[in-house]
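Trainee: I would like a close look at one part of this model rather than a tour of the whole. Please take it step by step.

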Amino acid sequence: MLQIQTFTVNPFQQNTYVLYTAQGECAVIDAGMYNPQEHDALAAFLKTQQLRPTLLLLTHAHLDHVFGLPWATQNFNLKPWLHPNEEPVLIRGPQAAMMFGVPFTPYTGPVNWMQAGQTFTLGNQQIETILAPGHSPGSICFYIPSQKILIGGDVLFNGSIGRTDLPGGHHDTLLKSIKDKLYTLPPDTVVYPGHGPTTTIGHEMKTNPFIQA
């Protein structure tokens, strides 16, 4: 069984997740840590739990989800995994930082390019990738079918959906992704979003004001 630790970080209150096994293997998803204090908090957790990062995964490359990439790649000696459609979003990071008025150190190192449907293994658990564009052109959701857990990035929120007014966003595409890719998952699937509290697929299908089943 995988356990999940949430770190809500940076000026955008983004959720960085650590998925980990009882044997000490872990994946860091959306390294958004913004300052030394947030770096230290995540490092302290890894040390206390005796965890060793083996995967550095990104749901997408928007500014708030990649603030911590330079630190994480250096400290974990890992290359991040990202969908290739997100390459222009990653490159556009400094422009986005100027638009939002926040300091930003871009990540310019190597990237592992993942494909839709690619599977990762953490311990004895399988992590499936679901391509769900609309918020960003290469948005990926990470699904653990054995535990009915979805790390959803900024696709579906508790009572809301991801914004589509940034470059590469498209409202109708996002709604189609949610309907076709996420609402087909078991209703009791727990969604861990990129911002805000958790929810379930079933709850959003019934109550989400933007898109219901």
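Trainee: Is C141 buried or exposed, and what is its relative accessible area? Please go on from there to the strands around it.

Mentor: The model is predicted, and everything below is to be read on that basis. C141 has a relative accessible area of 0%, so it counts as buried, the cut-off being under 20%. C26 is also at 0% relative accessibility and therefore buried. A disulfide is a covalent bond between the sulfur atoms of two cysteines. The structure has zero disulfides.

Next, the strands. Strand β9 covers residues 140–144 and is joined to β10 by three bridges, with the two running antiparallel. In this pairing, I144 stands opposite I149 of β10. The two strands make a hairpin with four residues between them, and K148, in the turn, has a positive phi of about 55°.

Strand β10 spans residues 149–153, and five of its five residues are buried, so the rest of the structure largely encloses it. In a regular strand the side chains alternate between the two faces of the sheet. Both faces of β10 are covered: one side has I149, I151 and G153, the other has L150 and G152, and all of these are buried.

Another partner of β10 is strand β13, residues 190–193; four bridges join them, and they run parallel. I151 has Y192 as its bridge partner in β13, while G153 has P193.

Strands of a sheet pair through backbone hydrogen bonds, either parallel or antiparallel. Here six strands make up an open sheet with mixed pairing, in the order β7-β8-β9-β10-β13-β14. At the edges are β7 (119–122) and β14 (199–200); each has a single partner strand, so one side of each lacks a neighbour in the sheet.

E204 belongs to helix α7, residues 201–207. E204 is buried but has no salt bridge: K206, the nearest side chain of opposite charge, is 12 Å away. Apart from neighbours within four places in sequence, the contacts of E204 include L156, F157, N158, G159, S160 and Y183. T199, I211 and Q212 are also among them.

Key: Residues numbered from 1 in each chain as written. Predicted model: local features only at pLDDT ≥ 70, side-chain atom pairs only at ≥ 80, totals over all residues. Heavy atoms only, no water. Buried < 20%, exposed > 50% of the residue type's maximum accessible area, 1.4 Å probe, protein only. Pairing = 2+ DSSP bridges. Disulfide = S-S within 2.5 Å. Lys, Arg positive; Asp, Glu negative; His and termini not counted. Salt bridge = Lys/Arg side-chain N within 4 Å of Asp/Glu carboxyl O. Contact = heavy atoms within 4.5 Å.
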